[in-house]
Amino acid sequence: MSSIAASALPTTSIPIFTSVTSYREWRRKAFEERKTVGFVATMGALHEGHISLVKRSLKENDLTVVSIFVNPAQFAPHEDLGTYPRTLPQDLELLSAQSFTGTEGVEAKEIKKPSALFLPTVEEMYPSGISQNTTDQKGTFVEVKGYSHQMEGKSRPTFFRGVATVVTKLFNAIEPTNAYFGQKDIQQALLLRRLSRDILLSHPNPEHIHVVPTARDPSSGLALSSRNSYLTNDGLEVAPALYEALKAARYAWNSGSTKAEAIEAAIKVIEKEKVRASSRGIKAEMRLDYVELNNSDDFEVISPQSTRMVAGPHPVILSGALWVDNTRLIDNLILGDTGSITS
């Protein structure tokens, strides 16, 4: 299987492993030394959302591994695999700048920095080859039945098959003690916890798959995403409307409104933002894909007439997707016991 030549890689202080074989030699030593390994899986184009996960891992583990792999299996043929941002030099620079220094009493402990980058090729990850068209695919794929067609899966029906497959491969390769995922991709994170439980993974086990609260732009509240780089200045002006819409729905739900009324409150925010943008000459098209409330355990849709009192204390996921021009943005809020999901 091919790997990236060392001469083709940017200079960095972080060890880079481009093959499973070379990484496992490094991982074996960590096992022998009984060191914990935290893992952050990414597709690159790193931003402060990714870095918040890296910082958690640095704080809680002896070693931290980050992967960068743009996974073809989670992109449908019409989606943006070819144009997805690839910024390896900047990613390495950002990772190299991260560190964590713990304290024990008055004595400083060792400074911890990212320990390794796993940077595999497509051939390394898919030795049987890979097509974006699922009917043409050959080899082994992972599907979490019954949990992949709701929420994001309704708009992207092959997405979670690709995610489950690549993350299973990454977990097998990295063998992390702990893994960290962002709440912005809440369905993905909870699906992976279920996958870990169902196939009896030990590295990591479900309790060691951590969901970290969504990182947001401090001024607008926009959820940080690599795809935000696609947005024009006008697009960035209206993109925070999704978060505002979800907050309006949350307020309605917490005030005793039905699910249908909460969703209507969210839609009104989007429609109001369209009017505002038009009146100010902002040239950005907004198209609401969905706003929905789902159970957090099985992702099933909440009944339109359900209320917070009917739903009870179990957490509910309020999620939405908004197209801004040709960029699809997602976001979510957890209603109820947030602490039972995020950690």
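Strands β7 (residues 178–182) and β8 pair in the parallel sense over four bridges; two strands count as paired if DSSP finds at least two bridges between them. This is a predicted model, in which local features need pLDDT of at least 70, side-chain atom pairs count only at pLDDT 80 or more, and totals for chains, interfaces and linings use all residues. Residues are numbered from 1 along each chain as its sequence is written, and side-chain values use heavy atoms, with hydrogens and water left out.

- Helices (H or I, at least four residues) and strands (E, at least two) are DSSP runs, numbered from the N terminus.
- Look for Gly182, whose bridge partner in β8 is Val212.
- Between β7 and β8 the chain passes through helix α7 (residues 186–198), making a right-handed β-α-β crossover. Right-handed means that, with the strands pointing away from the viewer, the path from the first strand over the helix to the second runs clockwise.
- Strand β8 (residues 209–212) is covered on both faces: Ile209 and Val211 are buried on one side, His210 and Val212 on the other. Here, buried means under 20% relative accessible area, exposed means over 50%, and partly exposed lies in between (1.4 Å probe, protein chains only).

**Salt bridges between two side chains**

- A salt bridge is a side-chain nitrogen of Lys or Arg within 4 Å of a carboxyl oxygen of Asp or Glu. By this rule, the count is 15 salt bridges.
- One of them joins Lys35 and Glu33, at 3.3 Å from N to O. Lys35 is partly exposed, with a relative accessible area of 34%, and Glu33 is partly exposed too, at 39%.
- Another is formed by Lys184 and Asp185, with their closest N and O atoms 3.5 Å apart. Lys184 is buried, at 16% relative accessible area, whereas Asp185 counts as partly exposed at 27%.

**A link between two helices**

- Glu237 and Arg276 meet through their side chains in a salt bridge of 3.7 Å, N to O. This pair links distant parts of the chain, 39 residues apart: Glu237 sits in helix α8 (residues 233–238) and Arg276 in helix α10 (residues 259–279).
- Glu237 is partly exposed, with 37% relative accessible area, and Arg276 is partly exposed, with 26%.
- Glu237 and Arg276 also belong to one network with Glu273 and Arg280, joined by salt bridges that share partners.
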